[in-house]
Amino acid sequence: MSLTARQLVLAMLDRQLLLERKSLDVAEAVRRVCALQAQTPASPYLALWNRVRDFAPADLDAAFADGRIVKATLMRLTLHAVHAEDYEPYRAAMLSTLRASRLYDRRFTATGLTPDDADALLPELAGFLEQPRTGAQVEDEVTGRHGEHAHRVWWALRTFAPLHHAPNGGPWSFTQPNSYRASPAAPAPAPQETDAGVRRLFLDYLRAFGPASAQDFARFTLLTRAVTTRALHELGDQVVRVPGPGRAALFDLAGATVPADDTPAPPRLLPMWDSTLLAHAVPGRLMPPEYRPLVVRRNGDVLPCLLVDGQVAGVWRAADGGLELTAFHRLDKAAWQGLTDEAEKLSALLTDRDPAVYRRYGHWWDKGIAGAERVLVKP
C-alpha cells in the first residue's frame with residue numbers, strides 16, 4: 001500500500017520526537033534526531049525542549065561542556081549540534097563540500113593562495129587550538145604567515161578544518177565572540193572513510209527524517225547527486241524503496257515503521273531553523289507553500305514556528321514579558337488551547353534563561369507579518 005502525504009509527515013514527526021516527548025538523555029536525543037541546527041545558540045535548547053520530557057537546559061550545558069555533544073559546521077555549511085561520536089563520520093561525509101565552498105570561492109581565490117596553502121596550516125592550527133581561542137586570536141596567529149590575507153584564510157579554515165565551537169558562557173553556552181578548539185578528527189580522511197561517512201549519514205538521516213528521496217537527502221546535506229547515488233547503491237538491502245505520493249522515489253530503513261494516517265500530531269513551538277523545516281526538498285513536509293514567504297525570509301532566516309496538527313500555522317516571538325503567537329489563519333479553540341499551554345511552559349523556561357530570546361531577529365516582525373490572529377501568553 002502506498003504511503004500518504006500525511007503519513008510522511010507523521011513518520012518524520014515521530015522520528016523527530018515531536019509526536020510525543022521522550023524521557024531521554026540529551027546526548028541520546030541528539031543522536032536520535034541526527035543533528036540539531038545550531039546557527040543561533042538558543043535553538044538546540046528549544047529544539048530539545050520540544051522533544052525531551054522534563055528537559056533541563058543544564059543537562060545540555062553539561063553535555064556541551066564535557067564534549068558529549070559538539071557544535072560544528074557540517075550539513076548545508078551551517079552550524080549543527082551533533083553527538084560527539086557522530087562528528088567525525090559526518091565531517092568525513094561533508095568535507096569535500098565544505099572545502100569546495102571556501103577554497104574555490106572568489107573570496108579565497110582572490111588572495112592568490114592555493115588549497116595546499118590552506119591545508120599546510122591545519123597541523124599548526126590543531127596545535128594552536130588545543131585550548132579554546134577566539135577567531136581574532138586565530139587570525140593573529142595566521143597573520144605571521146599570510147599577513148593581509150589572514151582574515152580570508154581563517155574564513156576558509158573555520159568551515160572545513162577539524163574544529164568545534166567551544167562553550168564560552170551566556171544563557172545558551174555560546175556567545176560572541178565565538179571560541180574554537182581542535183577536534184580529534186583527521187584533517188583529510190581516507191577515501192574509504194569518506195564513503196563510509198556518507199553511508200552513515202544517509203542511514204542516520206533516514207532514521208531521523210525518513211522515508212525520504214535522494215533529493216531530500218541532497219537538500220539536507222548539499223551533497224551531490226553522484227555522491228548520494230553511490231551511497232544508495234553501496235547501502236544495498238539496508239535501505240529499501242517504499243511507495244509514496246508524487247513521482248520522486250522514496251527510501252527508508254529496512255524494517256522501519258510509519259504511524260497510521262489518523263495519528264494526532266500535538267501542537268509545538270519550534271525554534272528558529274528547526275531541522276524539520278530544512279530536511280526535505282522545498283517546500284518541505286510541514287510548510288504549506290503559501291506560508292513559506294512569511295516564515296523563510298529573503299536572507300534565509302527561518303522564523304520560530306507554530307505547529308498545529310503537523311503543519312506550520314504561524315510564528316512566535318518573545319514580547320512584553322511573554323510569547324506572542326501569530327497564526328496565519330483562523331484556529332479553533334482546541335488548537336489555541338494547545339498552543340497556549342505549550343507557550344506557557346516555554347515562557348517559564350525562557351524566564352529563567354533568556355526572556356528576550358531571538359531578539360536580534362525582531363526586525364522581521366517590525367516590518368510586518370500578516371496574521372489572522374495574535375495572542376500574547378505570559379508565564
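Visitor: What should I know before reading the numbers?

Guide: The model is predicted, so local features need pLDDT of at least 70 and side-chain atom pairs count only at pLDDT 80 or more, while totals for chains, interfaces and linings use all residues. Residues are numbered from 1 along each chain as its sequence is written, and side-chain values use heavy atoms, with hydrogens and water left out.

Visitor: At what angle do helix α9 and helix α10 pack?

Guide: Helices (H or I, at least four residues) and strands (E, at least two) are DSSP runs, numbered from the N terminus. Axes are lines fitted to C-alpha atoms, for helices over the stretch in contact, and angles run from 0 to 180 degrees between N-to-C directions. Here α9 (residues 135–146) and α10 (residues 150–160) pack at about 120°, their axes 8 Å apart.

Visitor: How is that orientation classed, and what is the hand of the α9 and α10 crossing?

Guide: Angles under 35 degrees count as roughly parallel, over 145 as roughly antiparallel, 65 to 115 as roughly perpendicular and the rest as oblique. The pair α9 and α10 is therefore oblique. A crossing is left-handed if the near helix is turned anticlockwise from the far one by less than a right angle, and right-handed if clockwise; that of α9 and α10 is right-handed.

Visitor: Which residues of α9 and α10 make the contact?

Guide: Contact means heavy atoms within 4.5 Å. From α9 come Gly135, Val138, Glu139, Val142, Thr143 and His146, and from α10 come Ala150, His151, Val153 and Trp154. For classes, Ala, Val, Leu, Ile, Met, Phe, Trp, Tyr, Cys and Pro count as nonpolar, Asp, Glu, Lys and Arg as charged, and the others, Gly among them, as polar. This contact has 5 nonpolar, 4 polar and 1 charged.

Visitor: How do α3 and α4 pack?

Guide: Helix α3 (residues 43–51) meets helix α4 (residues 57–65) at an angle of about 130°, with axes 10 Å apart. These two helices are therefore oblique to each other, and their crossing is right-handed. Pro44, Tyr45 and Leu48 of α3 touch Pro57, Leu60, Asp61 and Phe64 of α4. By class, that gives 6 nonpolar, no polar and 1 charged.

Visitor: What volume does the largest pocket have, and what lines it?

Guide: On a 1 Å grid over the protein atoms alone, a cavity is a set of points where a 1.4 Å probe fits but cannot get out, and a pocket is an open set with protein on both sides within 12 Å along at least five of seven lines; lining residues have an atom within 4 Å of a point. Grid points are joined across faces, edges and corners, and a volume is the space filled by probe spheres set on the points. The largest pocket has about 960 Å³. Its lining has 35 residues, with Gln39, Pro41, Gln176, Asn178 and Arg360 nearest the centre. Helix α10 gives the most, 4 residues, and the classes are 16 nonpolar, 12 polar and 7 charged.

Visitor: What about the second largest pocket?

Guide: Its volume is about 280 Å³. Of its 14 lining residues, Leu8, Asp216, Pro245, Gly284 and Arg285 are closest to the centre. Helix α1 (residues 5–15) gives the most, 3 residues.

Visitor: How many cavities of 30 Å³ or more are there?

Guide: There are 3. The largest cavity has about 60 Å³, and its lining divides into 9 nonpolar, no polar and no charged. Helix α8 (residues 122–128) supplies the largest share, 3 residues.
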